[in-house]
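Here's a quick briefing to read with the model open beside you.

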Amino acid sequence: MAGFHPHHAPEDCLNCEHRHMRMFCNMSTEALVDFDAIGVMMSHARGAKLFTEGDSARNVYIVCFGQVKISSTSRDGKTMILKIAGPGDLMGLSAVLANVPYEVTAEAIEPCQVKTIRKQEFVDFLGKHGVASMKAAQSLSNEYLTVFHDSKRLALSGSAAGRLARLLLDWGKSAANGKPEMRFTMALTHEEIANMAGTSRETVTRLLNQFRRDQWITIKGASMTIVKPDQLERLTA
């Protein structure tokens with residue numbers, strides 16, 4: 001998920017103006033009070049690694065603002081970007097609940113704030129609040145669906161334009177949260193976008209320029225707005 005970028009970090013979960021738009025954070029007041037009492041809020045600079053693939057899964061992380069790149073590396077050193085985590089996304093949950101090492105690496109791609117919660121603290125919190133357990137289950141389900149749709153996009157879309165269009169639409173819809181404007185912050189390089197779209201950096205650059213010339217998207221600095229999502233949708237058919 002690229003792109004959700006609030007003006008300031010929330011002081012706590014109860015006063016966070018964005019929690020109602022995020023799957024896990026949209027809990028009852030009682031659960032949020034207890035959630036505020038656990039974990040530590042930490043700021044991370046661009047490039048900071050929150051956890052690394054293969055490390056023991058000791059913590060669960062939730063993004064409060066900023067974006068975090070989730071990736072996996074093969075034995076021969078090739079890295080695949082699986083997801084861009086944004087506010088409200090849980091990280092490390094599947095490894096913690098399955099009691100296995102982290103299966104991915106999480107790296108901040110812009111300055112961000114992340115709540116870090118020890119494994120037992122989080123498990124105890126889920127045991128106390130049924131609504132939190134349901135939210136965690138929904139988060140895991142959403143994680144599975146994201147991987148499924150990404151695999152489907154790479155395997156079944158016949159063109160690089162279609163794969164890139166699907167990626168941009170997914171990010172735009174996630175950032176919009178049901179609102180009409182599909183605008184998001186693009187913190188990835190063209191090389192990293194190419195990694196996710198299964199194509200080359202040169203092709204991504206050419207296609208983005210083409211989409212902009214056709215006025216399907218606008219780009220101002222790191223901000224991208226999808227102006228004609230229906231045109232991009234046609235490419236994915």
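Ser-94 sits in helix H2 (residues 93-98); helices here are DSSP runs of H or I with at least four residues, strands are runs of E with at least two, and both are numbered from the N terminus. This is a predicted model, where local features need pLDDT of at least 70 and side-chain atom pairs count only at pLDDT 80 or more, while totals for chains, interfaces and linings use all residues. Residues are numbered from 1 along each chain as its sequence is written, and side-chain values use heavy atoms, with hydrogens and water left out.

- Ser-94 counts as partly exposed, at 21% relative accessibility; buried means under 20% relative accessible area, exposed means over 50%, and partly exposed is in between (1.4 Å probe, protein chains only).
- Skipping neighbours within four places in sequence, Ser-94 is in contact (heavy atoms within 4.5 Å) with Glu-103, Leu-140 and Glu-143.
- Ser-94 and Ser-139 are 45 residues apart along the chain, and their C-alpha atoms are separated by 9.7 Å.
- Ser-71, found in strand S4 (residues 68-73), is buried, with a relative accessible area of 9%.
- Again leaving out neighbours within four places in sequence, Ser-71 is in contact with Glu-53, Thr-79, Met-80, Ile-81, Leu-82, Val-104 and Thr-105.

**The chain overall**

- You'll find 8 helices and 11 strands in the chain.
- Of the 237 residues, 46% are buried.
- Among contacts with a separation of 6 or more, 69% join residues 24 or more positions apart.

**Nonpolar cores**

- The largest nonpolar core has 35 residues, and those with the most contacts inside it are Phe-24, Phe-35, Met-91, Phe-122 and Phe-125. Such a core is a set of buried Ala, Val, Leu, Ile, Met, Phe, Trp, Tyr and Cys residues joined through side-chain atoms within 4.5 Å.
- Phe-122, with neighbours within four places in sequence set aside, is in contact with Phe-24, Phe-35, Val-60, Leu-90, Leu-93 and Ile-117.

**H1 against H3**

- The axes of helix H1 (residues 29-36) and helix H3 (residues 119-128) come within 11 Å and cross at roughly 165 degrees. Axes are lines fitted to C-alpha atoms, for helices over the stretch in contact, and angles run from 0 to 180 degrees between N-to-C directions.
- That makes H1 roughly antiparallel to H3; angles under 35 degrees count as roughly parallel, over 145 as roughly antiparallel, 65 to 115 as roughly perpendicular, and the rest as oblique.
- Ala-31, Asp-34 and Phe-35 in H1 meet Phe-122, Phe-125 and Lys-128 in H3.
- By class, the residues of this contact are 4 nonpolar, no polar and 2 charged; Ala, Val, Leu, Ile, Met, Phe, Trp, Tyr, Cys and Pro count as nonpolar, Asp, Glu, Lys and Arg as charged, and the others, Gly among them, as polar.

- H6 (residues 190-197) has Glu-192, Ile-193, Ala-194, Met-196 and Ala-197 as its buried residues.
- H6 packs with helix H7 (residues 201-213) at an angle of about 100 degrees, their axes 8 Å apart, so the two are roughly perpendicular to each other.
- His-190, Glu-191, Ile-193 and Ala-194 of H6 make the contact with Arg-201, Val-204, Thr-205 and Leu-208 of H7.
- The residues of the H6 and H7 contact divide into 4 nonpolar, 2 polar and 2 charged.
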